[in-house]
Amino acid sequence: MKRFVCLVIIGMSAVVFGQQSQRNDSLASPLIGLNKPNFLSDFSLKFYVRTSLDSYFEKNKYTTSRFNGSELRLDLSAKIHDKVRFRFRHRYTSQAVPGTLDGVNSNVDLAYIDVQASSKVNIAVGKLYTDWGGYEYDLNAIEILNYNDILSTAENYMVGVGVAYKATPQHRFNIQLLNASVNKLDQIESFTMPQGTEESKTPFAVVGNWRGSFWQDKFQTSYSYSYFTQAKNKGMHYIALGNKYQDEKLTVMYDFQYSHDDLDKRKIISAMFAGDKPALAEQVAYIDHWLRVDYKVLTKLYLSLTLMTSNAYADNLTAVDAGTNHVRTSYGVIPMVQYRPFHKVDLRFFAAYVGRWYNYSSYAKEQLNQQNYNTGRISIGLIAPLSIF
């Protein structure tokens with residue numbers, strides 16, 4: 001009897017489940033049919049992806065080809081109160097290594113609470129994006145096939161607090177107090193600290209940013225100044241000046257970036273020195289120029305061109321180049337074609353070439369054994385900032 005009853009219940013359940021499946025199996029049904037919880041509003045779930053078939057070249061010679069899932073990020077945000085929001089973004093293309101200073105895994109980009117203190121003031125606490133300024137940084141990472149030297153070596157997400165003030169609809173100011181780094185000073189892979197360097201008791205960074213809009217949003221600015229405490233009596237000054245012009249078909253962005261570091265934590269110049277775990281170079285500077293032009297040729301066809309250059313300087317080297325402290329210059333060019341077949345879904349098929357050239361000064365060649373070289377990459381793939389929910 002027990003077996004018979006169990007069989008009847010299972011049979012009835014199967015019939016009911018089948019009927020429900022037939023009713024629900026419809027193209028009109030949403031991809032995710034969950035109702036939003038009552039305590040959440042403005043709920044957003046986005047998936048950022050860039051995947052491509054990449055062919056690599058070095059010194060004008062073909063080396064290899066492979067499929068590359070270079071960008072995979074999940075971004076979640078919502079309101080949990082009229083004046084409280086949260087945001088969390090996770091990156092799946094990096095190893096989860098806890099920061100020795102902040103204790104947060106490195107694949108967590110953002111994890112913060114944003115509180116609206118007044119109609120013009122917002123306070124954010126948690127792991128924030130470092131508000132460097134400039135449009136190379138402001139663009140979604142899936143749109144950047146290769147960063148210029150400063151941003152490619154920067155720590156862009158830090159734990160701290162930020163206060164944003166919206167003075168007018170066209171002008172917004174933001175100031176942040178952050179950890180100066182993800183890791184403690186002595187956690188520098190493959191390098192040692194210069195002799196006599198002491199860890200700061202307050203390893204903080206102060207970042208100030210102004211975003212302005214003019215001429216009915218056709219011209220915009222994103223300017224910032226930052227000071228980072230790298231060690232006791234040693235710091236980094238960083239300036240970013242971003243400018244953007246945009247109309248219906250044309251977008252032009254230009255960034256100027258300057259970084260003066262008492263310690264070369266970017267490691268570009270330090271990597272030129274031979275030996276087992278050389279000391280970080282001191283008194284270095286980097287100057288970057290970045291230009292990007294996007295043009296809408298047709299409704300679904302877009303052309304893009306990115307040009308970049310970076311210059312590296314070291315004040316404490318005995319240069320032989322007629323008194324200059326210039327060490328290296330890098331160049332970059334990225335032409336790209338995008339085809340966007342859908343109107344409501346931002347799905348882009350692209351083809352691009354990423355070319356980089358690295359030229360060294362005579363001092364770097366003769367004293368540090370550096371040689372000029374170039375790299376190239378042909379990428380054919382998909383870019384998709386998908387809004388899931």
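This is a predicted model: local features need pLDDT of at least 70, side-chain atom pairs count only at pLDDT 80 or more; totals for chains, interfaces and linings use all residues.

Residues are numbered from 1 along each chain as its sequence is written, and side-chain values use heavy atoms, with hydrogens and water left out.

**Overall fold**
- The chain has four helices and 16 strands (DSSP runs numbered from the N terminus: helices are H or I with at least four residues, strands E with at least two).
- Of its 389 residues, 41% are buried (under 20% relative accessible area; exposed is over 50%, partly exposed in between, with a 1.4 Å probe and protein chains only).

**Salt bridges**
- There are 18 salt bridges in the structure (a side-chain nitrogen of Lys or Arg within 4 Å of a carboxyl oxygen of Asp or Glu).
- Glu143 pairs with Arg292, their closest N and O atoms being 3.8 Å apart; the two sit 149 residues apart in the chain, and both are buried.
- Asp149 and Arg356 form another salt bridge, at 3.2 Å between the closest N and O atoms. This one links helix α3 to strand β15, 207 residues apart.
- Is Asp149 buried or exposed? Asp149 counts as buried because its relative accessibility is 6%, and Arg356 is buried too, at 4%.
- Asp346 meets Arg348 at 2.9 Å, N to O. Asp346 is partly exposed at 29%, whereas Arg348 is buried at 5%.
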